[in-house]
Amino acid sequence: MQQQKRQRRKKPIQPHTVTKAVTHIRLIETNPGKLAVLDALALVYLALCQQYATVFCTQEQPDPFRDTLFATPLSERWHRVAIQQAAGIARSWRTNREQAYQSYLEELEAYREQETEGALDGQAKEPEWREWDVPTLHQLCIQANANVVKLEASEDSSFDYWLKISALDFRKLLAVPVKFADYHRKVLAGKTINTSVQLNKRDGGWWVTLSYDEVVPVQTESEAPVIGIDIGIANFITTSDGKQYGTFHGKLRERQKRDRAKRRRKAKLRACLDKKGVENLPSTTSRSGQRLIRHVRQEINRAVNECFADHPNVQFAYENLSIATMKHRARAMNAYMRVSNLAHIPRQIAWNAAKRGVQATRVKSAYSSQECSVCHSVEKKNRPDQQTFCCLVCGHSAHADLNASLNIQRRVGDTELRACKDRKEVKVVLLSRHAAWKKHNGWP
Ligand SMILES: [Zn+2]
């Protein structure tokens with residue numbers, strides 16, 4: 001009895017749930033006209049979805065439970081599905097726009113700083129903000145739930161499932177057969193398919209995406225040693241056992257410089273054509289820029305993978321980075337790709353941990369780079385430059401990222417720090433630890 005009680009109180013490690021998508025399942029046209037009904041429905045749906053997306057982007061905060069606002073021939077259930085999808089689209093549009101706007105503000109700040117210092121080069125132009133257009137929905141894409149689209153196993157052996165779709169005319173139920181390829185059958189064998197499905201019209205045909213949840217048990221022993229991870233640009237990952245994975249410097253940096261020069265030339269050309277009254281201006285977003293972003297993400301994925309492969313039988317601690325901290329650390333990167341890429345690192349750590357069943361705990365990042373890992377002194381001047389940590393009190397010196405990763409490692413299970421509401425409170429706790437260290441070591 002006693003034993004049971006104690007075990008129950010111990011916080012159980014929750015298994016990770018990973019949602020996996022199964023794509024490229026084509027809907028088959030059996031009797032003519034069936035998919036035409038779906039086409040008609042989709043057009044009405046898309047128009048409604050667009051109306052709500054516009055409202056959610058321009059007038060109100062996205063709210064999937066908002067009261068209905070527009071008249072539509074769609075059923076109440078379909079109407080709700082459209083509002084939910086529009087809210088999702090608007091939410092990510094707003095996040096991306098906000099990030100771009102913040103980057104613009106930073107560039108402007110840097111420009112002004114250089115201006116007052118008289119350090120602007122002759123070609124520099126004050127950054128300009130161009131307001132984003134509201135997203136236009138071109139693709140016929142429906143994120144449906146079980147209220148409007150149901151997947152039912154087929155009794156007939158020639159198909160695997162029926163997709164039962166409520167049609168525009170609410171009394172009618174459109175039944176479209178679904179046939180799996182061998183690959184789909186293999187992947188989905190023994191799985192419980194999620195009730196929400198996605199329908200896409202592509203290349204003249206309709207496709208359905210199904211998904212299932214996979215529960216990955218956490219393999220990590222609760223006493224497994226903790227490895228702290230510091231996240232940065234110079235080194236994507238520095239671990240508390242002194243290893244480093246991936247960097248933005250070197251090749252990636254060179255590519256970024258070339259891309260930046262290219263965009264500057266394009267912007268100049270644009271300005272020049274604009275003056276001459278040319279109407280169709282070339283776009284300033286570059287394809288090579290998009291490729292570069294993809295490439296940075298691949299490098300990050302590779303670094304995180306390598307780090308996990310290098311450290312079997314451990315658990316990880318990593319930072320819960322705030323946008324402000326990320327910005328601070330990402331100064332070396334080009335503004336438009338800074339924050340989103342640095343944020344990709346913790347996301348990738350979480351994903352790797354989930355799929356491998358490894359425990360990874362996010363801890364507070366406040367002062368992790370300024371705190372001395374020996375005496376807990378917190379001081380900006382402990383970091384004379386980006387790479388060096390040198391404690392002004394106890395003289396401890398190390399690579400700055402290594403010092404930070406040691407602090408992060410120790411923050412797992414640090415309930416006192418976890419209880420802190422903000423940076424100020426974290427600092428108070430750290431300084432009291434520093435005072436205790438001094439007293440303990442007979443410091444004057
Ligand atoms: Zn120290």
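What spacing do the donors of the zinc ion follow along the chain? The answer is C-x2-C-x15-C-x2-C, and that pattern makes a handy starting point for a walk through this predicted model.

Let's stay at the metal for a moment. The four donor atoms are the SG atoms of Cys 372, Cys 375, Cys 391 and Cys 394, which coordinate the zinc ion at 2.3 Å. If you check the geometry, you will find angles of 103 to 114° among these four donor atoms, and the site is tetrahedral. For reference, the ideal angle for four tetrahedral donors is 109.5 degrees.

Next, turn to an open sheet of three strands, arranged in the order E3-E4-E5 with antiparallel pairing. Its edges are formed by strand E3 (149–153) and strand E5 (173–178); each has a single partner strand, so one side of each has no neighbour in the sheet. On average, neighbouring strands here are turned by 25° against each other, direction ignored. Between E3 and strand E4 (residues 161–166), which run antiparallel, there are five bridges. To find your bearings in this pairing, look for Glu 152, which stands opposite Trp 162 in E4. Helix H2 (residues 34–58) packs on this sheet, where the helix touches E4 and E5, and its direction makes about 120° with that of E5.

Now for the parallel strands. Strand E11 (residues 315–320) has five of its six residues buried, so the rest of the structure largely encloses this strand. One of its partners is E8, paired in the parallel sense over three bridges, with Val 226 standing opposite Gln 315 in E11. E11 is also joined to strand E12 (residues 360–364) by five bridges, and these two strands run parallel. Here the bridge partner of Glu 319 is Val 363 in E12.

Our last stop is the loop between strand E7 (205–216) and strand E8 (226–231), where Thr 220 is found. Is Thr 220 buried or exposed? Its relative accessibility is 13%, and buried means under 20%, so Thr 220 counts as buried. A polar atom of the Thr 220 side chain lies 2.8 Å from the backbone nitrogen of Gln 359.

Notes
Residues are numbered from 1 along each chain as its sequence is written. This is a predicted model: local features need pLDDT of at least 70, side-chain atom pairs count only at pLDDT 80 or more; totals for chains, interfaces and linings use all residues. Side-chain values use heavy atoms; hydrogens and water are left out. Donors are N, O and S atoms within 2.8 Å of the metal (3.2 Å for Na, K and Ca); water is not among the atoms, so sites may look incomplete. Four donors count as tetrahedral if all angles lie between 85 and 135 degrees; four count as square planar and six as octahedral if opposite donors are over 155 degrees apart and all others between 65 and 115; anything else is irregular. Two strands pair if DSSP finds at least two bridges between them. Helices (H or I, at least four residues) and strands (E, at least two) are DSSP runs, numbered from the N terminus. Axes are lines fitted to C-alpha atoms, for helices over the stretch in contact, and angles run from 0 to 180 degrees between N-to-C directions. Contact means heavy atoms within 4.5 Å. Buried means under 20% relative accessible area, exposed over 50%, partly exposed in between (1.4 Å probe, protein chains only). A polar contact is a pair of N or O atoms within 3.5 Å; within protein, one must be able to donate a hydrogen and the other to accept it, and residues adjacent in sequence count only if both atoms are side-chain atoms.
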